[in-house]
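I opened the model to check a few local points and some chain-level totals. My notes follow in the order I looked things up.

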Amino acid sequence: MRSVGGVPRWVVVIASVGAAFILLPLVAIISRVDWARFIPLITSQESVAALLLSLKTAGISTLLCLVFGVPVALVLARSRFPGQRVVRALVLLPLVLPPVVAGIALLYTFGRQGLLGSTFTFLGIQIAFSTAAVVLAETFVAIPFLILSLEGALRTAGSRYEVVAATLGASPTTVLWRVTLPLIAPALVSGAILSFARALGEFGATITFAGSLQGVTQTLPLDIYLQLETNPDAAVAMSLVLVAVAIIVVGLAHRGSNPELFRR
Amino acid sequence: MTLEFAATVAARDFDLSFSVADGETVAVLGPNGAGKSTMLGLIAGLLRADSGRATLDGAELFGLPTFRRGVSLLAQEALLFPHLSVLENVAFGARSTGTRRSVARTRARHWLDQVDAVEFASRRPAQLSGGEAQRIGIARALATDPRLLLLDEPMAALDVTVVPALRGLLKRVLSDRTAIIVTHDVVDAFTLADRVFVLDGGRLVDSGPTREVLEHPRTAFAAALVGLNLLPDGSTVAPSAVAVSTTAVAGGIGGPVDSVETHGDLVRVRVGDIAADLTPSRFADLGLAPGDRVWLSH
């Protein structure tokens, strides 16, 4: 067999099947959309409430991912301590954990009967089955994306610029804000976008830990799942909205990782 | 600013003590692994000494974090911050210690002027050549008004054509500064340094005024740097003055030929630490090859 650009032709054939496997379901969704009723379907009160709740909770959980994920990545990449490899493995656990298991774990941490439940009950805060629970579930599953992306970028960047900055009189905090974070800005952006996307698509942990209460915990994926039984046209229309969001996210993340700044 | 330094690092077999006088520039020479980088790292606070003490103008150094030491380090690569313009790079030190932006920028322009690089002010580091970047690096280091300036082979990574101009610039800015420059280039030592330290195996093996150390070398390394052989009796001789014989010579040094290489229009024969330069015809007459036993005399 002849080759195409150095790749054997049979590999190209298998690759085409693989690509079709990914693309066909998207075509299937688009072909099932009831275009005549598309706008009314995605602007129904229930759908809009779900979409707004999704955007709000995914946005807040992305912020939480940044606030807690950046320090975790810094500590993992820049310091050495006993048990570091174990900590790194555990921090990335939500990546491979089935989301429903994550939901159960969160339930037994923050739920009324949970590890910290009595503390929150004492403070008069009820987390499980609230919007806060949605945010926690999304943060839990999304934060490893940010940590992974940042830790890799920090290791690649190395600490040479940070050393130079210190010899110029910059304190560690100044170095962090003025050198380290700007240098990894592309990874920061793409990591945050990936976290946002993961949070937006969260289903298993959310329905287990937060339930599905319209306007409170019923995010768009939950809404789509429930509508599939009663109103499949609405489910398909809302799915297309999520597909569009996903394509935008992939585009942004791709651009974020190729910044003009570092091009020679 | 006077530097007093004494430190040991057991893991690196490093045990060194010396002092550098106010306004003095010292060149540090030595083979790879001699401890030059360890010395710079200890002074800058990038490494920790097992024991010892260092003071800069009487103030303790070893207890302080890097950013409080007032010691600037210029490395082989300029390492300009890629996300900042040239001007912001030079202003970085002042901005980091709380100077107002406008003041820091004015001061940065002054230092860019000192290194003849004002025209690069608004450029990004990626748009500079290696020599230009290193000039900015010098301006950035000097702009913090360091009490001590460390230079770690600042010209080793540069194109040879830009080295003389940069050396001239360093000579100008180092004239009244306390500085330590690690170099492999004997021209740097002669041009820039008041004194020379020769390091080997983590120890100071020779030191003194530049010309004294380099014109009368007491170590094989320093002798080789200035193109001389150090003989066992402590005297030095140029390779061109060494005679080579294939028969035993009274008072000569015998040994196998280690290497033969063309050196300009001469052939350089190495026997142990000693080099001898022969004319091609003399070399052909002797018919030497590596491993042949020869006697050297002068």
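This is a predicted model: local features need pLDDT of at least 70, side-chain atom pairs count only at pLDDT 80 or more; totals for chains, interfaces and linings use all residues.

I started with Arg37(A). It counts as exposed because it has 12 C-beta neighbours inside 10 Å. The cut-offs I used: buried means 20 or more other C-beta atoms within 10 Å of the residue's own, exposed means 12 or fewer, and partly exposed is in between, with C-beta atoms placed from the backbone. Arg37(A) sits in the loop between helix H1 (9–32) and helix H2 (38–42) of chain A. Helices (H or I, at least four residues) and strands (E, at least two) are DSSP runs, numbered from the N terminus.

Residues are numbered from 1 along each chain as its sequence is written, and chains are lettered from A and ligands numbered from 1 in the order in which they are written.

Next, a helix pair in chain A. The axes of H3(A) (residues 45–78) and H8(A) (residues 131–157) come within 6 Å and cross at roughly 40 degrees. Axes here are lines fitted to C-alpha atoms, for helices over the stretch in contact, and angles run from 0 to 180 degrees between N-to-C directions. The crossing of H3(A) and H8(A) is right-handed, that is, the near helix is turned clockwise from the far one by less than a right angle. I sorted the contact of H3(A) with H8(A) by class and got 20 nonpolar, 5 polar and 4 charged residues. Ala, Val, Leu, Ile, Met, Phe, Trp, Tyr, Cys and Pro count as nonpolar, Asp, Glu, Lys and Arg as charged, and the others, Gly among them, as polar.

Then the contact between the chains. Chain A gives 18 residues and chain B gives 18 residues. Contact means C-beta atoms, placed from the backbone, within 7 Å. Which helix supplies the largest share of the side of chain A that touches chain B? H9(A) does, with 6 residues. By class, that side of chain A has 11 nonpolar, 4 polar and 3 charged residues.

On to chain B. I found 9 helices and 18 strands. Buried residues make up 40% of its 298 residues. The C-alpha atoms of chain B fill a box of roughly 75 × 45 × 30 Å along the principal axes.

I traced one sheet in chain B. Its 3 strands form an open sheet in the order S15-S16-S17, with antiparallel pairing. Two strands pair if DSSP finds at least two bridges between them. S15(B) (259–263) and S17(B) (274–278) are the edge strands, each pairing on one side only. The twist averages 25 degrees from one strand to the next. S16(B) (residues 266–271) is joined to S17(B) by 5 bridges. Val267(B) stands opposite Leu278(B) in S17(B).

Last, backbone angles. Most residues other than glycine have a negative phi. Asp57(B) has a positive phi, near 55 degrees. Asp57(B) lies in the loop between S4(B) (51–56) and S5(B) (59–60). Asp145(B) also has a positive phi, near 50 degrees. I placed Asp145(B) in the loop between H4(B) (130–143) and S7(B) (148–152). Asp145(B) is partly exposed because 14 other C-beta atoms lie within 10 Å.

Note on methods. Two residues are in contact if their C-beta atoms, placed from the backbone, lie within 7 Å.
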